[in-house]
Amino acid sequence: MIQMFNVHKVYPGNRKALADINLHIKKGEFTFITGPSGAGKTTLIKLIFRAEQASAGQIIVNGVNFAKLRASGIPALRRSIGVVFQDFKLLVSRTVYENVVFALEVTGTRPREIRRKAWQVLKLVGLQNRLDARPLELSGGEQQRIAIARAIVNDPILLLADEPTGNLDAQITRDIMELFKAVNQRGTTIVIASHNMLLAREYATRHIIIEKGCIARPG
Amino acid sequence: MFSKIPFFFREAVQGIKNNLLIHLLAAGTITFALLTLGIFMITVINLDRTFNEWGKDMQVIVYLDRAGSAQDIARAGEDIARLPQTRKVTYVSKEEAMARLKEGLKSQAGLLDDLRDNPLPPSFEIELKEEHKNPEAIKLFIGEITKIAAAAEVDYGQEWLQRFSAFIGMLKLVGLSVGSFLLLATIFIISNTIKLTIYSRREEIEIMKLVGATNLSIRIPFFLEGIAQGLLASLLSLGLLYGGYKALLHKLIIDYSLFLGPLQLTFLPLKLTAALVLLGMALGIFGCAFSMGRFLRV
């Protein structure tokens, strides 16, 4: 699913974020990437959905070689990848339902299909009764559920999450992790970047540790 | 792409609703610019029109060589009558000219009694065809007249005509430069205002990119918002312009028409009105396109 060969990432100002990353994440894996703050977890996630470009090395995601990927091909790639962030990245002026269907509307999905898929995922994340609520009227856990619903509504083959439970308490964190587990069981490959080792030990089928921009344990 | 059209319109409406204040601010800026441009255009158009109207009252008088024979005069009269611009030629003999002068002087006509010879030259009073009664055509006509051998001098209020023509030319130039400057300033202000809008909506753009929207799909709702903004601004400026024209300018001219003679004012012609509306929309779109670029590079 994800292959990285000798990947380096250097930000402007010669700030080295990642060095010589070699990685192979298989389809259907539930992978945790952990490490201390500043280790390069977020950069690694960003490279996978092509929000950042590698300074050197090769990245292949779902058969797409990023070296040959043109800018016009990025939207199609992103439609096959769902992304969840610590700060949820929701449209606060829109309802729960609107936030979720936004991802489908933007890609030109037919209205009937939109309604069917949105209902399906909102039921999966347990927000089927909060369709008309606005994100800020909901708890942090519920907001993250909206973000997850939006990320999976397009049936992505890969779901990336960057510190998805960083702002949530222990019980809600477990609920969210159960949700990721359920998504994984539907066949979606999951990659979660987190500093929480305990969570990784409990849920991950594969646990990669990253330190100072290098892979310390490939898992 | 077509299946996304309703989505684009919904997004544009939502964008306007959510950012009403910034949109009104941008629309206000465009309104102000178009209004200023419109005022310039109306002023120049009306001055130009007035100038041409005045030209219509003009008569060309050709004073003839006093030493010319009756034959020369007759030939000159025929030559003038043959010119395509001429509608009517009236011959005014030396005697008739003197009689007119005396009539004009009324009680002081006695002053002329001491003159041994009649110093006044014979002349032709020429009335031009309607389509040639404008400063440019008159100038061309004068060029033709001066080629006639018996013509000694031509009087058509040339000095006044030239000065006024130069004044209108300068006014047009000032209007054009001020207009262009205003247009540039407006584009700059609009682009900054929209940058503010887009900056406030960068998260929205980021999310759109995140879920796989193409740059075009992201741009279209913003373009639609720009068009709506420009349309609102141009209609508003046209309304204000028309209101101002009716209330102020019209009254002003009625008051001054006593001095300037009867003047007929006109509002912007249909073509220019349409151009103003299109310009407003173009400004809206341009402002959007100009400001979006860097937020799309996610």
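Which helix of chain B lies across E1, E2, E3 and E4? The points below take this up.

1. Basis. This is a predicted model, where local features need pLDDT of at least 70, side-chain atom pairs count only at pLDDT 80 or more, and totals for chains, interfaces and linings use all residues. Residues are numbered from 1 along each chain as its sequence is written, while chains are lettered from A and ligands numbered from 1 in the order in which they are written.

2. Sheet. Chain B has an open sheet of 4 strands, ordered E2-E3-E1-E4, with antiparallel pairing. Strands (E, at least two residues) and helices (H or I, at least four) are DSSP runs numbered from the N terminus. Two strands pair if DSSP finds at least two bridges between them.

3. Edges. E2 (86-92) and E4 (151-155) of chain B each have a single partner strand, so one side of each lacks a neighbour in the sheet. The twist averages 20° from one strand to the next.

4. E1 and E4. Strand E1 (residues 60-64) of chain B is joined to antiparallel E4(B) by 4 bridges. Tyr63(B) stands opposite Glu153(B) of E4(B).

5. Helix. The answer is H3 (residues 70-82) of chain B, which lies across E1, E2, E3 (123-128) and E4. H3(B) runs at about 160° to E2(B). Axes are lines fitted to C-alpha atoms, for helices over the stretch in contact; angles run from 0 to 180 degrees between N-to-C directions.

6. Interface. In chain B, 15 residues are in contact (C-beta atoms, placed from the backbone, within 7 Å) with 16 residues of chain A. Helices H1 (5-18) and H7 (202-210) of chain B are the elements giving two or more residues to this side. H7(B) gives the most, with 5 residues.

Key:
Two residues are in contact if their C-beta atoms, placed from the backbone, lie within 7 Å.
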